[in-house]
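The stops below are given in the order in which to select them.

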Amino acid sequence: MTTPKVGKVQPPIEKLVGMTTSDGWKITEKTSRSSIQTGGCFSVGYLVEHEDGRRGYLKALDFQQALNSADSARELQKMLTVYNFERDLLEFCNQNGMSRIVRAITSGSFDVPGAPLDKIYHLIFELADGDARTQASAVKRRDYAWASKMCHQVAVGMWQLHRAGITHQDLKPSNVLVFFNGSQSKLADLGRAHSDRLTAPHDELLMPGARTYAPPEQLYSYEPDNRLKARRAADLYLLGSMIMFGFSGSPMTPLIMAELRVEHRPFSVAQGDGWHGFFYDVLPYVREAWAICIENFEQRLVADLPRSAHKQVGNIAEIVRYLTDPDPDQRGHPQSKLRSPEKALDLERIVSRLSHTAAALSYIKRTS
C-alpha cells in the first residue's frame, strides 16, 4: 500500500481570501506581490474592499518566524516593534498632510485561528495602479514626460519626509507607487525608514535598504561620524538613482559595479574577491566608474530624447550628478551647500529644478 503524497500545507497568512477584518474590509484576492520581506517582517499582500465600496491594499504581517526562533519572546517583541513603528510613522505622515507618501487607511488585527497568537496584524493602504517598474514597462518607448513628472513627485515626497525628520532609506522602483493611470506617484514602504521621533530595530543597521540600490559608502561598510547626515546623503543618492531609472530603466549602483574592476568592487558584491580596504582609498576608482555611467546616461538621453528636448539633457544629467556623487560629503545642490552646512543636503532646489524639467518635457510632448 502506497502512502499518498501530502502537499505542502499553506500557513494561515496565505489563506485569508474571503475573510473580513474587524472594521469591515473583505479580503478579495491575494496579489502577485505576496510573500515579501518588508521592514524586517514577512508579509503577504491582498486586495480588499470595504462594505462602503472603498478598495485598498492589505499588507498582512506574519510573525511565524518569531515563534520558530530560539528566543521567540524577544523576536516577537522585535517584530511587533517594527509593525508599530511603521504604523505610527504612517499615521504621522497622514496627520501632517504628506501628499506624496502613500496613505495608510487603517491598521489593526483580526482573529485567524492557527496564526501566531491566533491573530493577523495588518496595514491597509490606498490602492495603487502599480509601481514605477510596471508603469515604465507599460509603454513601448520610454515616456520621458511621465518619467520627469514621476521623478519630481518622488523628490517632493522625499523632501516632505526630510523636513519632518524622516529618511526613507529604501527608495527603489518597487517602492514608488502610481495612481490614476500613472499620473500621480507616491513613496511607499516606510518599513526601513528612520525618524527622529520614533525608535526602530533597524536604526543601527549600516545598510537598512536593499543592497542592489545601496549607495557606495554603505556597500564598502563606511561608518560616518554623523549618522543623520549620512542617512540624508544616502537618501539623495537613492533619489538620483531613481531619476536615472526613470529616464534609462537602470538604477545607478549596478551600473557602477559593472564598470569597476573586480578588485575594486565591494567584497560583498565581488563574492570575497573585492576590496577589503578603506572606502576613501577606493573612492577614486568608484568615482571614475561613476563618471563613465553619467557620461553614458547623458549620451543615451541625447540619442533617445527628441531634438526639441535636448536643452533638458544637461539639466537632467546635472541633477543626477549632484545627487549620486560617490562621495557622500559632495552630494547636494551647490547653492544649497553655499547657504550653510545644515542646508547642504536640502532638496528644495532639486525639487524646483525637477519641476521645471517636468513642465518643459510635458510641453514638448503635447506640442510634438
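**Helix 6 against helix 7**

Select helix 6 and helix 7 together: their axes cross at roughly 90° and come within 8 Å. The two helices are therefore roughly perpendicular to each other, the range for that term being 65 to 115 degrees. Now show side chains at the contact. Helix 6 contributes Tyr237, Ser241 and Met244, while helix 7 contributes Met252, Thr253, Leu255 and Ile256. Sorted by class, the residues in this contact of helix 6 with helix 7 are five nonpolar and two polar, with no charged residue. Bear in mind throughout that the model is predicted.

**Helix 7 and what covers it**

Stay on helix 7, residues 252-259. Which of its residues are buried? Select Met252, Thr253, Ile256 and Met257 of helix 7 to see them. Turn the view so that you look down the axis of helix 7: the buried residues lie within an arc of 130°, so they line one face of the helix. Next bring in the surroundings. The cover over the buried residues of helix 7 includes helix 5 (216-219), helix 6, helix 8 (279-304) and helix 9 (311-324).

**Leucine 255**

Pick leucine 255, which is also in helix 7. Is leucine 255 buried or partly exposed? Its relative accessible area is 29%, so leucine 255 counts as partly exposed, between the limits of 20% and 50%. Not counting residues up to four places away in sequence, leucine 255 touches Met244, Ser250 and Cys293.

**Helix 7 against helix 8**

The axes of helix 7 and helix 8 cross at roughly 120° and come within 8 Å. That angle makes helix 7 oblique to helix 8. The crossing of helix 7 over helix 8 is right-handed. On the helix 7 side, select Met252, Leu255, Ile256 and Glu259; on the helix 8 side, select Val286, Ala289, Trp290, Ile292, Cys293, Ile294 and Asn296. By class, the contact of helix 7 with helix 8 holds nine nonpolar residues, one polar and one charged.

**Helix 4 against helix 6**

As with the previous pair, look at the handedness: helix 4 passes helix 6 in a right-handed crossing. From helix 4, the contact takes Tyr144, Ala147, Ser148, Met150, Cys151, Val154, Ala155, Met158 and His162. From helix 6, the residues are Arg232, Asp235, Leu236, Leu239, Met242, Ile243, Gly246 and Phe247. The contact of helix 4 with helix 6 comprises 12 nonpolar, three polar and two charged residues.

**Methionine 150**

Zoom in on methionine 150 in helix 4. Methionine 150 has a relative accessible area of 1% and is buried. Apart from neighbours within four places in sequence, methionine 150 is in contact with Val176, Ser185, Met242 and Gly246. Then select alanine 358: it is 208 residues away from methionine 150 along the chain, and the C-alpha atoms of the two are separated by 8.6 Å.

**Threonine 167**

Move to threonine 167 in strand 8, residues 166-167. Threonine 167 is buried, at a relative accessible area of 1%. Which residues does threonine 167 contact, leaving aside its neighbours within four places in sequence? Select His162, Ala193, His194, Arg231, Arg232 and Asp235 around threonine 167. Alanine 233 is 66 residues from threonine 167 in sequence and 9.6 Å from it in space, C-alpha to C-alpha.

**Glutamate 86**

For the last stop, select glutamate 86 in helix 2, residues 72-95. Is glutamate 86 buried or exposed? With a relative accessibility of 4%, glutamate 86 counts as buried, because the limit is 20%. Beyond its neighbours within four places in sequence, glutamate 86 is in contact with Lys59, Leu123, Phe125, Asp189, Leu190 and Gly191.

How values were computed. Residues numbered from 1 in each chain as written. Predicted model: local features only at pLDDT ≥ 70, side-chain atom pairs only at ≥ 80, totals over all residues. Heavy atoms only, no water. Left-handed = near helix turned anticlockwise from the far one by under 90°. Helix = DSSP H or I, 4+ residues; strand = E, 2+ residues; numbered from the N terminus. Contact = heavy atoms within 4.5 Å. Nonpolar A, V, L, I, M, F, W, Y, C, P; charged D, E, K, R; others polar. Buried < 20%, exposed > 50% of the residue type's maximum accessible area, 1.4 Å probe, protein only. Arc of directions from axis to C-beta. Axes fitted to C-alpha atoms, helices over the stretch in contact; angles between N-to-C directions. Parallel < 35°, antiparallel > 145°, perpendicular 65-115°, else oblique.
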